[in-house]
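Dear colleague,

Please find below the structure that I am handing over to you. My findings follow directly after it.

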Amino acid sequence: RLGVMARRRRRRLADVSDNSSNDDDNAAAAASASASASASVTASASAAVADTKTEDGSSTMHAVTVLVEVVITVFEFMFVMVYAREIAKFVVSYAGLALSHATYRYGGAGHDPDAAPTDSGSTFGDMVVLLASNVAVVAWLLARFASSSGVSVKTLVGERLRLWPLSVGRVSSTARYVMVFHVVGAAVMVGVQWYVGRWIFSWKNYEHATGIVDMLLCAPVREEVTFRGVIFLIAQRRFPRTPVATALVPSAVFSLIHVLNALGSRYSPTYVFLQVLVGLFIGLFYSLRFAVTGSLWETLSMHIVNNVFASFVPLDTHFALDDYMLSIPMIETLIVYAILIKLSIDEVRKRQSL
């Protein structure tokens, strides 16, 4: 009996020891789990803070990179334009001298060396210089951006800018409404000017062939390719998820670049001021339309139509900003484009959310 009682006592002691060991193990496991959870939370918070800092730093670096790339692009645009123009002038001048020499030498009896020179040759030479310099700057910008993007010029023009093939079907209903707005606005302006007997519109800009070709064809092409094309895609490459902010970059540069017109003698200060102000609104609208449609052909079409009606306002005309003949159409234009910008922003965000 004493042996049985001793065995029972040893079993109780062993059970108590096992239970104490299990409790210690459970407590250690709970402490370990708590420490792991705390470490996990701390690591997650640290990672979130690090991601935020990284994202902020990355955004800042992207903004600086875009600024540098845009400045380089603008300087390249100006340098190539001036350089190509000077080369074209030299070639045209040399060709003109050679042609004059050949005409004088082989003109025969029908040639009068004392005849007064005409400006037809000068006009033709200026036209060649204009077209050659614009073709050069557009080709250079497209080739440079295509090379930096790792695509061919054909892919850039056809797929990224959707500039070719030309098609009226590529123009959206919004662009058509804008064109109708310009037509109706011009008709109303003509009626008002006829009624009051004071004309702002004139044919003065059409006295120079090169100037009007530049305004109606060359300027829209080079500006759309440069600003809505290359500069927009540069900003979009760095900020692909913020199309509205991306659209602000080319529109601001497009507006400010018109300040350079004040350096010439062809433009009045008031005309330059209106170019900068209206250019900011129109440039932002064009950039947003390109963000929506991805078609440079649409913005180019609207740009050409806008310049057609703007061509009837002489470049050297001095306006008084308190003149209702000027202020009312300008205010109307700004209001209409502000509405179009708001609608385009909504459309961009809607497409982005899909």
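This is a predicted model: local features need pLDDT of at least 70, side-chain atom pairs count only at pLDDT 80 or more; totals for chains, interfaces and linings use all residues.

Arg162 counts as partly exposed, because its relative accessibility is 30%. Arg162 lies in the loop that links helix H3 (153-160) to H4. Its phi is near 50°, a positive value in a residue other than glycine. Most residues other than glycine have a negative phi.

**Overall picture and confidence**

The chain comprises nine helices and zero strands, and its elements run α-α-α-α-α-α-α-α-α from the N terminus on. Of its 354 residues, 35% count as buried. Among contacts with a separation of 6 or more, 79% are accounted for by residues 24 or more positions apart.

The mean pLDDT of the chain is 80, with 76% of the residues reaching 70 or more. Among the elements, H8 has the highest mean pLDDT, at 92, while the lowest, 66, belongs to helix H1 (residues 2-106). The pLDDT is below 50 over residues 45-55, and this stretch has zero contacts in the model beyond near neighbours in sequence.

**Helix H4 and its contact with H8**

Helix H4 has 24 residues, and the distance from its first C-alpha to its last is 35 Å, close to the 34 Å expected at 1.5 Å a residue. Its buried residues are Ala175, Val178, Met179, His182, Ala186, Met189 and Gln193. These buried residues pack against H7, H8 and H9. After H4 comes Gly197, whose phi is positive, near 75°.

How do the axes of H4 and H8 cross? The axes of helix H4 (residues 173-196) and helix H8 (residues 296-310) come within 10 Å and cross at roughly 0°. Angles under 35 degrees count as roughly parallel, and H4 and H8 are therefore roughly parallel to each other. On the H4 side, the contact is made by Ala175, Val178, Met179, His182, Val183 and Ala186. On the H8 side, it is made by Glu298, Ser301, Met302, Val305, Asn306 and Phe309. The residues of this contact divide into eight nonpolar, three polar and one charged. As a general point, an α-helix has 3.6 residues a turn, so residues three or four places apart point the same way.

**His303 in helix H8**

His303 is also located in helix H8. Is His303 buried or exposed? His303 counts as buried, because its relative accessibility is 4%. Leaving aside neighbours within four places in sequence, His303 is in contact with Pro220, Glu223, Glu224, Arg228, Phe254 and Tyr286.

Phe254 and Ser255 are touched by Gly279, as is Leu274, not counting residues up to four places away in sequence. Gly279 itself is placed in helix H7. With a relative accessibility of 7%, Gly279 counts as buried. The C-alpha atoms of Gly279 and Ile257 are separated by 9.6 Å, although the two residues are 22 residues apart along the chain.

**Two partly exposed residues**

Phe273 is placed in helix H7 (residues 269-293). Its relative accessibility of 45% makes Phe273 partly exposed. Phe273 and Asn261 are twelve residues apart in sequence, and their C-alpha atoms are 9.8 Å apart in space.

Ile335 belongs to helix H9 (residues 324-353). Ile335 is partly exposed, with a relative accessible area of 49%; the limit above which a residue counts as exposed is 50%. Ile335 and Phe281 are 54 residues apart in sequence and 9.6 Å apart in space, C-alpha to C-alpha.

Yours sincerely

Notes:
Residues are numbered from 1 along each chain as its sequence is written. Side-chain values use heavy atoms; hydrogens and water are left out. Axes are lines fitted to C-alpha atoms, for helices over the stretch in contact, and angles run from 0 to 180 degrees between N-to-C directions. Helices (H or I, at least four residues) and strands (E, at least two) are DSSP runs, numbered from the N terminus. Angles under 35 degrees count as roughly parallel, over 145 as roughly antiparallel, 65 to 115 as roughly perpendicular and the rest as oblique. Contact means heavy atoms within 4.5 Å. Ala, Val, Leu, Ile, Met, Phe, Trp, Tyr, Cys and Pro count as nonpolar, Asp, Glu, Lys and Arg as charged, and the others, Gly among them, as polar. pLDDT is the predictor's confidence in each residue, from 0 to 100. Buried means under 20% relative accessible area, exposed over 50%, partly exposed in between (1.4 Å probe, protein chains only). The expected span of a helix is 1.5 Å times one less than its number of residues.
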